[in-house]
Amino acid sequence: MTHTYPYFGVNFKVYPNTIGEGGLELAKTVERVHEETGANFVVTPQIPDLRLITSETDLTVSSPHVDPVSPGRGIGKVLPETLADAGIAGATINHAENRDTLTDIAKKIDRCNEVGLDSSVCVDSIEMGEAVAAFDPDALIYEKPEDISTDRAITTTHPERVERFVEMIESTNPRTKVLVGGGIRTAEHVRAAFELGADATGAASAISTADDPYERLTEIAGALPE
Ligand SMILES: O=C[C@H](O)COP(=O)(O)O
């Protein structure tokens, strides 16, 4: 497990102001808030900028994608070994915007384990979470696709679902951490996530498109448990 919990994840996706130097500026802002508040963050930059962010910051950096390939043939694939060599700590698997088959989810978790990357697998239901928990990922990201880039965080719209998800993991694979996402925008959403038993939460649009990411991240840092 390479991530330090609890944490708030900042996902750059492919928002235009997170390209290259813009992404580095956002990462530096995250690092500044970490240094000022002590709150843990994990940033997930755009793939071509991963090594830029690991070389220019001390942040925990995760990849938005990984492929279940081995060194050799596989043009265009994201090789787990190359991520590890770039100082990357983990990878997101099966995001709603970049789905995987169940077979590939299992293979990706195994390949991440082989090179020491944390595997974080997105699931959109408790049933899917239970199925993937059997593959022993480091973390499950419980996120409803319809909540993404809205202000309808599941932690306030359906808190009982988060509680049930956490209970399911505790009874099936307590080693696996639980992250909730989708529409997380405010310190209140973040506080609720931890009160409901999540180990981490995070956001993309609320930070990557914010007029003042520093201000928003500082508010959110105050909602993370000590
Ligand atoms: O990784 C991010 C999730 O898809 C949530 O996106 P969002 O924070 O823009 O709703």
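Ile-126, Gly-129, Glu-130 and Ala-133 of helix 5 meet Arg-164, Phe-165, Met-168, Ile-169 and Thr-172 of helix 7. Contact here requires C-beta atoms, placed from the backbone, to lie within 7 Å. Helices (H or I, at least four residues) and strands (E, at least two) are DSSP runs, numbered from the N terminus. The residues of this contact comprise five nonpolar, two polar and two charged. Ala, Val, Leu, Ile, Met, Phe, Trp, Tyr, Cys and Pro count as nonpolar, Asp, Glu, Lys and Arg as charged, and the others, Gly among them, as polar.

The model is predicted; local features need pLDDT of at least 70, side-chain atom pairs count only at pLDDT 80 or more, and totals for chains, interfaces and linings use all residues. Residues are numbered from 1 along each chain as its sequence is written.

Helix 5 spans residues 126-133, and helix 7 spans residues 159-172. Their axes come within 10 Å and cross at roughly 25 degrees. Axes are lines fitted to C-alpha atoms, for helices over the stretch in contact, and angles run from 0 to 180 degrees between N-to-C directions. Helix 5 and helix 7 are therefore roughly parallel to each other. Angles under 35 degrees count as roughly parallel, over 145 as roughly antiparallel, 65 to 115 as roughly perpendicular and the rest as oblique. The crossing of helix 5 with helix 7 is right-handed. A crossing is right-handed if the near helix is turned clockwise from the far one by less than a right angle, and left-handed if anticlockwise.

Helix 1 contributes Leu-26, Thr-29, Val-30, Arg-32, Val-33 and Thr-37 to the contact. Helix 10 contributes Pro-213, Tyr-214, Leu-217, Thr-218 and Ala-221. By class, seven residues of the contact between helix 1 and helix 10 are nonpolar, three are polar and one is charged.

Thr-29 belongs to helix 1. Thr-29 is buried, with 20 other C-beta atoms within 10 Å. A residue is buried if 20 or more other C-beta atoms lie within 10 Å of its own, exposed if 12 or fewer, and partly exposed in between. Neighbours within four places in sequence aside, Thr-29 is in contact with Pro-213, Tyr-214 and Leu-217. His-3 is 26 residues from Thr-29 in sequence, and their C-alpha atoms are 19 Å apart.

Val-30 is one of the residues that touch the most other members of the largest nonpolar core. Phe-41, Val-43 and Leu-140 are the others. This core holds 58 residues. A nonpolar core is a set of buried Ala, Val, Leu, Ile, Met, Phe, Trp, Tyr and Cys residues joined through C-beta atoms within 7 Å. Beyond its neighbours within four places in sequence, Phe-41 is in contact with Tyr-7, Phe-8, Val-10, Val-30, His-34 and Leu-59.

Strand 1 covers residues 7-11 and includes Asn-11. Asn-11 counts as buried, with 22 C-beta neighbours inside 10 Å. Its contacts beyond four places in sequence are Thr-44, Pro-64, Gly-202, Ala-203 and Ala-204. Val-42 lies 31 residues from Asn-11 along the chain, with a C-alpha separation of 8.4 Å.

Several backbone features stand out. Most residues other than glycine have a negative phi, and most peptide bonds are trans. The peptide bond from Tyr-5 to Pro-6 is cis, with omega near -5 degrees. Pro-6 sits in the segment before strand 1. Lys-13 is not a glycine, yet has a positive phi of about 45 degrees. Lys-13 is in the loop between strand 1 and helix 1. Lys-13 is partly exposed, with 17 other C-beta atoms within 10 Å. Asn-94, also not a glycine, has a positive phi of about 60 degrees. Asn-94 lies in the loop between strand 4 (90-93) and helix 4 (102-115). With 22 C-beta neighbours inside 10 Å, Asn-94 is buried.

Ala-96 is likewise in the loop between strand 4 and helix 4. Ala-96 is partly exposed, with 17 C-beta neighbours inside 10 Å. Leaving aside neighbours within four places in sequence, Ala-96 is in contact with Cys-122, Asp-124, Glu-143, Pro-145 and Ile-148. The C-alpha atoms of Ala-96 and Asp-124 are separated by 8.3 Å.

Conventions
Two residues are in contact if their C-beta atoms, placed from the backbone, lie within 7 Å.
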